Structures are given as structure tokens and as C-alpha cells.
Amino acid sequence: MRATSFHLTTTKETPADAEIVSHQLMLRAGLTQKLGAGLYTWLPLGLRVLRNVEQAVRAEMDAIGAQELLMPAIQPAELWRESGRWSKYGPELLRLQDRHERDFCFGPTHEEVITDLVRREVRSYRQLPASYYQIQTKFRDETRPRFGVMRAREFVMKDAYSFHLDDASLDASYQAMREAYARIFQRLGLDFRAVRADTGAIGGSMSEEFHVLADSGEDEIAACSHCAYAANTELAASRPTSPDADAPLPASEAHTPGVQTVAEQADSLGLPLERIVKSVVVIADGEPVVVFIAGDDELNEAKLERALAADAIRLAEPDEAQRATGSPRGFIGPVGLPAGLRCVVDHRAAAITNFSSGANRADYHWINLNWGRDAELPPTADLRSVREGEACPDCDGTLTLTRGIEVGHIFKLGTGYSEAMEASVLDEQGREITMTMGCYGIGISRVVAAAIEQNHDERGIIWPQPLAPFHVALVTINGHKSQAVADAAETLYERLQQAGMAPFYDDRPARPGVKFADAELIGIPHRVVVAERGLEAGTLEYRDRRASDNEIIAFDDIIEHLRERMG
């Protein structure tokens, strides 16, 4: 591609509303252009990268026998009512009506549509297992779209679905899909990690996320230093240590005027934070719940939501907490709470002996409380966030915390959708069997942004070669003035194309510094410079995008040199 005939729109200025590096560089390099909140046009340069992601995804999906199809983006509400998600999905579901006032939605995902298709087309066990995928535009009406295409309202996604006669077949397809995902991200040259995850609104019995590792990632990941254990911290467990189990001491109340925070409580009573059990009041599906957790731990709301089987939880306001417990916030504890008030305690807090907690009256706290003697032990669950350096739950290793950007998610859906929508087949004995399902997604457009977050420097993007819009930046110095330079560049341009490389020939009559800056900004992995002085010696200048120095390569050797560098 010649620069003079390509839509290249780079800029030095960083847009004021671009908060993260990928958003800034995608706008500066001319990959995308903002149309509205969470809505972006993919410009020619960005679309080339997007297509590279799609190509890798298609290759690996096809390799495991998944069949590509394309389903409608607009979906009838009847299907969502069948599955029960029309009322449950929430405000992210963009709902609309046609001229006949029939309800539809712009699909954020396609479980209902694919299940409807398969229940119509697949009737016998002989047609299973079957896997289908599509690459399509989705829409989720984000409350606060931000970070460019990272959290946009409209985005490109690969979603795949598998159908099975039993769980054993699902397990096999799930593992094949998991391995295919690993190959996709390896193929794209990304540093990634597969981690255990919450199934969330999609549902199912098990799920794993694929994260591109980057310091700017929104998700925190706990990974073991010795084994394969890795999980999103919304789910991650550890083997935390609790204080030594001392012999029970007599419980007593202590006057603690003005003390409300856990830190103030520990300081006032001369206790370590790990000897305090703090009380957190939440509202779960409209009902108050008191949560007890160790003073040095952080409550994990995602774990709590699962433990309570709640659709939504939030921290109670001070007046809500006082109405529920009869006590001011800061002095709530397990002794003397109103009968019938729901409580739950974290595993670690349940193991603490001789602990301090609120006395359920202003300016007083208990010391030396013990579960079972002084207060009934509520139901227990893992409710805390893991910490750096804690013991792995699966081996003797320790956990490290890193950040990642979720780009893929795979689920064992089970029969939730197929039961609700009556998707069944006849087995070998002629019995009707409900199909079990799997669901597998990759955020195609999100991969582009995540790759930039992981691969950039102060000069711009550094594309891994499989993602790059062009392989080689061919730059001339004074090519518009020197016929020798122009002719040599034309020859090299043709040779690069014949070698199967994708060159970007910067034939603009611009200063060399401008051309170099643009090549670095848009992240082309290799740069070759044609100049009069080099041609006189029969050489070219070569530089890898990650390098800081040029290499002098013989003109006739440059193609082979590039092949070696590209692997």
C-alpha cells in the first residue's frame, strides 16, 4: 500500500477524553474515529488489524470443527422471554419496537437465537455434538462507555455455541475450545493467561476467562508461582492463615467512645486487626444482611453475591444499617442482633478466637468473643479477597497478583437455556433428551485495544507481527527529488509484495522525521529506509520497531533479512 493513496490520519495531539493508552493511540494513529458515546468507526488502518484478529479466530475455530454462520443482530423479545432473560438482563439490553409495536432487542449475545435454531434443525443424537460460531457486531447499552473500544456500546465479537447429548461430550468440546483459544492468543503474539471466573449473567456451571496481561487491566488476577492455578480475584481462593487458636478468655465489654473504624478500634483496644471481626451491612435483593469478616480482610462483593444467591447487592446506607440492626454503624456485632436478621461469616473470621466486635450499642465494643459460646456461628462462606503472597489453594506455592484485560470467556452452560426453550433430541433408544450446551466468546475489537495496552512505548504502538496492519514500513529520503531513490524504492516495493510481505510504502514528499514518526506511531514492526548515500554503497537502513539503532543491510539481502526477523 502506498501512503499517497491510503487514508492515513495521524496526529500528535492526545484527545482530551482519551483516558488510557490504547484509546489515545488508536485515535492518534487513525485506527478509529469516535461517532458518539461508545460508538466508533473503524478506519482502514484499524480495520486491517481487526481483520487480522478475525483471521486467526476463524482459522482455529475451523480447525476444531466449529461451523461458521451469521445470525440476526436484532432479536425478537419472545425468545428472551422464553429463556427468562427479558426481565433479568437489565438496562444494558437495548430494547426497541418495530412499526407494529412488537418488542425486539439489539443482541448483546446469541444464546437464545442459536438455541432456537438448533431445536428446529437438530432432532437426532446422530447430529451431535455440534458447534457453531459467528463474528458479528453486538450492542450493550453501557451506563458509562469509556476507554474507547475497550468498553464501547457497539463492538465486534466472536461467539460460539456447542450442543451435546451429555456432560462428557460437553467436557470434550470445552477442552478443545479452551486449547483453541490458547492457540489464537499465541498466534496473535500476546502474553495471556487463562483464569477461573464467575459465570455471571450468562450462567452455567463453570467458566474461564482469557486475559491479556497489562498493568492497565481492569481485572485483577491471582496466579500461583508453582502450579497452573489462576483465577480472577472475584473468584480466587487461597489458604489464608488465621490467628492462633488460643484458649477462650472471659468476654467483656470495653468503653470505646467515638471509635467507629476498625483501625480506631484496634488502636483503642491494643489489638491487631486480625483479632477483630468487623460487621458489614449490605442490602441483598432488597433485604438487609450482616456480613462478618476479619478486620484485616477486604470484603469481596462478587463472592458475597454468589454466597447469598442474590441478583444484586449493595452496601447499606447508615440509616438502613441502623434500622436493620438497631445499632449505629461502627458498633454492630454478632451479640444481641434482632432475631431473624440474616447473617453470614467469612471462613477466616469464623476461625478467630477471642475476637473483638461491636457491642450493638454506641461507644461500646466486646473483647474476647468466641463463636458458639458468646454468639451463634452464622453460615460460613469464602467472602474475602485474596492477598499477594498467600498460599495457593492447590499446592504449596504462593499467589501473585497481576492485572489483565479480559478478551475471551468460555462457559459450560449445561441445560439452563435448552430446558427453558425445550431444545431436545432423540437418543439411541428413541427417548427425548435435553441437549447440554457450551458458550464461548472472544471480544474481537477488544483484542485490538488490549494488544496496544500490552505493546507500546512513548513513540506509539508496537504491534506483534501477526496483528500488524503492515509488516514493513518502506521509507524514502528525498524520493521525490532523486530518481535513483524512487526507482530503488519501487523495485523493493514490488519484491516485498512478491515475497508475501505487506509493505507500507511511504512515498509522500514529507520530511524523513515525519515519515519515521508516523511509522513508529502506527506500530509497523520493521522499517527499511532507502537513501542516496546508502544506494551508492549498495545498502539500506533497517530498524526493528522495538530497537533503538539502525542496521546496515545489503540491498540484495534485505528480503532474506526480513524473512529471518519475521520468523
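Okay, let's start with one arginine: leaving aside residues up to four places away in sequence, Arg119 touches Leu79, Glu82, Met421, Glu422 and Ala423, where contact means heavy atoms within 4.5 Å. Before I go on, this is a predicted model, so to speak: local features need pLDDT of at least 70, side-chain atom pairs count only at pLDDT 80 or more, and totals for chains, interfaces and linings use all residues. Residues are numbered from 1 along each chain as its sequence is written, and side-chain values use heavy atoms, with hydrogens and water left out.

Back to Arg119, then. It is found in helix α4 (residues 111–121); helices here are DSSP runs of H or I with at least four residues, strands are runs of E with at least two, and both are numbered from the N terminus. Buried or exposed, this Arg119? Buried, at 19% relative accessibility; the cut-offs are under 20% relative accessible area for buried, over 50% for exposed, and partly exposed in between, with a 1.4 Å probe and protein chains only. Its side chain has a polar contact of 2.9 Å with the side chain of Glu82 and another, at 2.8 Å, with the side chain of Asp116. A polar contact is a pair of N or O atoms within 3.5 Å; within protein, one must be able to donate a hydrogen and the other to accept it, and residues adjacent in sequence count only if both atoms are side-chain atoms.

Now, salt bridges. How many are there? The count comes to 49, taking a side-chain nitrogen of Lys or Arg within 4 Å of a carboxyl oxygen of Asp or Glu. One of them joins Glu253 and Arg361, at 2.8 Å from N to O. Glu253 is in strand β13 (residues 252–255) and Arg361 is in the loop between β18 (355–358) and β19 (364–369), so this bridge ties together parts 108 residues apart in sequence. Glu253 is partly exposed at 35%, and Arg361 is partly exposed at 37%. Arg361 has something else going on: its charged end sits over the ring of Tyr364, 3.8 Å from the centre. For that label, NZ of Lys or CZ of Arg has to be within 6 Å of the ring centre and within 35 degrees of the ring normal. Arg527 does this too, over the face of Phe516 at 4.1 Å from the ring centre.

Another bridge pairs Asp518 with Arg508, 2.9 Å from N to O. Asp518 is in helix α13 (residues 512–522), and Arg508 is in the loop between β28 and α13, 10 residues away. Both Asp518 and Arg508 are buried. There's also a network, where bridges with shared partners join Glu274, Asp296, Asp297, Arg348, Arg384, Arg387 and Glu390.

The structure holds 14 aromatic pairs, meaning rings of Phe, Tyr and Trp (its six-membered ring) with centres within 6.5 Å; planes under 30 degrees apart are stacked, over 60 edge-to-face, and the rest tilted. Why is the Phe6 and Phe504 pair called edge-to-face? Because the planes are at 80°, with the ring centres 5.8 Å apart. Phe6 is in the segment before α1 (21–28) and Phe504 is in strand β28 (residues 503–506), 498 residues apart. Phe6 is buried at 12%, and Phe504 is buried at 4%. And to finish, ring pairs link Tyr181, Phe185, Phe192 and Phe210 into a cluster.
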